[in-house]
Amino acid sequence: MSREKTWKEISPAGVSSKSSIGFLTGDWKTYAPIRDLEKCTLCLQCVMFCPDGAIRWRPELGKIEFDLGFCKGCGICANECPAKAIKMVLEQE
Amino acid sequence: MEITKMTRQETMALSGDEAVAYAAKQSDVDVVAAYPITPQTIIVEKFSEYVANGEVQTEFVCTESEHSALATCLAASATGARTFTASASAGLALMHEMLFVASGCRTPIVMAIANRALSAPLNIHGDQSDSMAERDSGWIHLYVENAQEAYDSIIQAFKIAEDTNVMLPVIVGLDGFTLSHTLENVEVLPDDIVIGFIGKRELPNVLTHEGKTVPFKLDPDNPMTMGPIALPNYYFEFKRQQEEAMKNALKLIKEVNSEYARVSGRSYGDGLIECYRLEDADVAAVCVGSTAGTIKATVDELRQEGFKVGLLRLRTFRPLPIEELRSALRSVKVIGVMDKSMSFGGEGGAVFHEIRHTLYDVEKHPQIVDYIYGLGGRDSSPRELRRVYEDLLTILRVGHAKKTINYIGLRE
């Protein structure tokens, strides 16, 4: 861990010196989404509905990815999925 | 003060609000976002006329509330734009949350406040409760005495706010109706002199998350995040930076005042405080805003009668010019602070607290009493202000005050 900077060393106005990619915000969820790949039609509704951008469409791989580091477990994806392919399950540890 | 030969000024008949709008027009503002509220409305009304007539290149945004108005100004200012708005009373109160975001994001917005009482009961008239309630919002607070100073201060405010050592938003307070709606002769500078005086907005370089050192502004080519989140390990450091910016502003406000004097021939004390017949005064009033005009006449009258009285007008309320106040008031024996707002349950108004705090560390404490006056636009007559001085002279004679907190013009 690097030394924390003094007020004279940091940029004004809270300008971020680091990207938010490294600041995981999804570690407190109660439920996590689990996808049934057989039911999923890749309609991408979940990608559009996710309020945190935690579901990504990877066209080069032809698949979607859940980033659990940012998922808060709100369940909107499961609720919106027309194919009922997403289930919210209690996180274990 | 000498006026440079090339500076030819025009005399215009302007109300305080119109003077503010005219100054904003000349200041080459990029974005104005505002919502109307009495007694400020004329400012944005007048400015929207300039926009409609094509007299300015400003983007004028009509928002659905004052909260949105300041949020819009904040966003515009963050892109490096020169930004202006105006408000008063409940409108300023609705902005409260965004005031802190604007100062925390170090956006140099200039906002005119036509000072007005707060509800309830509903009152549209002038007092300083609205901006005094925003004392700790991290904005620079300037208060003016007349329409001329309102014009001059708006121009100065942009130069103060945008300085890279300051980068803080500025409130310019003018007393509602007394100044906002009263016509005065106002000397205005030519457009090019105003633009030259303020200069271009400069931006300091900052380090972004991409590791680039780029100018401090929102720019798609060099993305950065301003004021997103600071946890307990960093938030405090950003607040300390704001305090330093306030200290820098103290020095800059004085410099801008002198520089403006060279251009216009007008100055307001040292920019922070204005002393009137204070040098040998035994008793003095300290006031903020337009009442200083009436008090100066009262001081002249009492001086003619042989009383050693004076006035200190606090022009810059934030940052508080502690050293200047101590030095100016060092030999005054009795001080009467004039407060046009109340701090309920706080024993006196905001200005009283500040002045008492300022003079705590001096060797010989003067007697300091508070006079709360003019709430909800109640007129303060020369006779009433004379009574304040008579009261101060009595305290000087008998050596102590009967009452520390006094109400002027209130039916007891």
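In helix 12 of chain B, the buried residues are Leu385(B), Val388(B), Tyr389(B), Asp391(B), Leu392(B) and Ile395(B). Buried means that 20 or more other C-beta atoms, placed from the backbone, lie within 10 Å of a residue's own; exposed means 12 or fewer, and partly exposed is in between. These residues sit on the same side of helix 12 of chain B, because they cover an arc of only 150° around the axis, the arc being that of the directions from the helix axis to the C-beta atoms. On the other side, Pro382(B), Arg383(B), Arg397(B) and Val398(B) are exposed.

This is a predicted model: local features need pLDDT of at least 70, side-chain atom pairs count only at pLDDT 80 or more, and totals for chains, interfaces and linings use all residues. Residues are numbered from 1 along each chain as its sequence is written, and chains are lettered from A and ligands numbered from 1 in the order in which they are written.

What do the buried residues of helix 12 of chain B pack against? Their partners in chain B are strand 12 (283-287), helix 9 (291-304), strand 13 (309-314), strand 15 (334-339) and strand 16 (367-372). Contact here means C-beta atoms, placed from the backbone, within 7 Å. Helices (H or I, at least four residues) and strands (E, at least two) are DSSP runs, numbered from the N terminus. After the helix comes Gly399(B), with a positive phi near 90°.

Now chain A. Its elements run β-α-β-β-α-β from the N terminus. Of its 93 residues, 20% count as buried. The contact between the chains takes 13 residues from chain A and 20 residues from chain B.

Definitions and conventions:
Two residues are in contact if their C-beta atoms, placed from the backbone, lie within 7 Å.
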